[in-house]
Amino acid sequence: MSNVDTTPFDLDLGLAGTHVLITGGCGHIGRVVARAFLAAGCYVSIIDLSDQHPLELVDNENLIFISADITDVLRVDAAFSHAESKFGPVQTCIALASLDLSVLPQSDSLADMDAELWRRVFDVNIHGTFATCQRWLRGIRAAVADPAKVGKLRNVSLVMMGSESGRFGVRTMAAYAAGKSAVQEGLLKSLAQDAPRLWADARVNAVAPGAVDTETFRQEVERFGENWRWRECEATVPMAKAIPCEDVARTILFLASEQYSGSVNGQLIPIDGGKTGTVVWTKEELASSRTN
């Protein structure tokens, strides 16, 4: 008598009906992530500063947009409350919102950086992420204490947006690298221990994309040239290319699904084509430095 399990393997993500809240969901990556969760049958709430809703996301009864600044704890709380009133407890939270390198002025050295800019980057990228994560945890705790809601909890998951910069640094924008490192290391590891105490199956993970092939990235290539592209996503990247937004979205869906990643907790997933580091010197820069 065979003991082999012949039950067909279930390949479904198991995300249908899950309420997913995405901060920064109107951005280049966020809108693709939102589309992916909608395709998986989720209810999606987007929190974003922008009131320019992506055309591909409008007129969907399973989606709402909420305008809020994630650095304002009271507005974050109100945004979550509005989302919960529409779709129930936020089971899955995708914390994408942050200031990224494409919008941050950079300086040749930390010696020249504006201290106010340093504080602003930390306020959004660290404190804003904290406010988002805290409110998600409070929502889960409230749902656990409510007999009418606790039975509906599944795919209880938080995915935070890190960056290759948090692993390899950015000489011209140390604040961004430091902020991402704080999120994808200290905050991630702490929350991964915290969340399962509120709900045993709760998981917290992060993704760290490399250069992502967004419209903004392509504009930067046109502005700065092919040598800039080479330094950003080819010179130290074995796959020698920028990352498609869809690859980031699919990885986030994998982490959100307890069907697929139910035992994955506290992990940082690089999505960077195997990047091994950064180019510190070009030949021209090195030659110039040695003549000074």
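**Close-up views of a predicted model**

**View 1. Surroundings of Ser 261.** The side chain of Ser 261 places a polar atom 2.6 Å from the backbone oxygen of Phe 254. This is a predicted model, in which local features need pLDDT of at least 70, side-chain atom pairs count only at pLDDT 80 or more, and totals for chains, interfaces and linings use all residues. Residues are numbered from 1 along each chain as its sequence is written, and side-chain values use heavy atoms, with hydrogens and water left out. Ser 261 counts as buried at 1% relative accessibility (buried, under 20% relative accessible area; exposed, over 50%; partly exposed, in between; 1.4 Å probe, protein chains only). Not counting residues up to four places away in sequence, Ser 261 touches Arg 203, Phe 254, Leu 255 and Ala 256 (contact, heavy atoms within 4.5 Å).

**View 2. The salt bridge between Arg 135 and Glu 84.** The two side chains meet at 2.9 Å, N to O (salt bridge, a side-chain nitrogen of Lys or Arg within 4 Å of a carboxyl oxygen of Asp or Glu). Arg 135 lies in helix α3 and Glu 84 in helix α2, 51 residues apart (helices, DSSP runs of H or I with at least four residues, numbered from the N terminus). Arg 135 is buried, at 10% relative accessible area, whereas Glu 84 is partly exposed at 23%. Asp 77 joins Glu 84 and Arg 135 in a network of salt bridges.

**View 3. The salt bridge between Arg 218 and Asp 213.** The closest N and O atoms of this pair are 3.1 Å apart. Arg 218 is partly exposed at 42% relative accessibility, and Asp 213 is partly exposed at 31%.

Terms used. A polar contact is a pair of N or O atoms within 3.5 Å; within protein, one must be able to donate a hydrogen and the other to accept it, and residues adjacent in sequence count only if both atoms are side-chain atoms. Helices (H or I, at least four residues) and strands (E, at least two) are DSSP runs, numbered from the N terminus.
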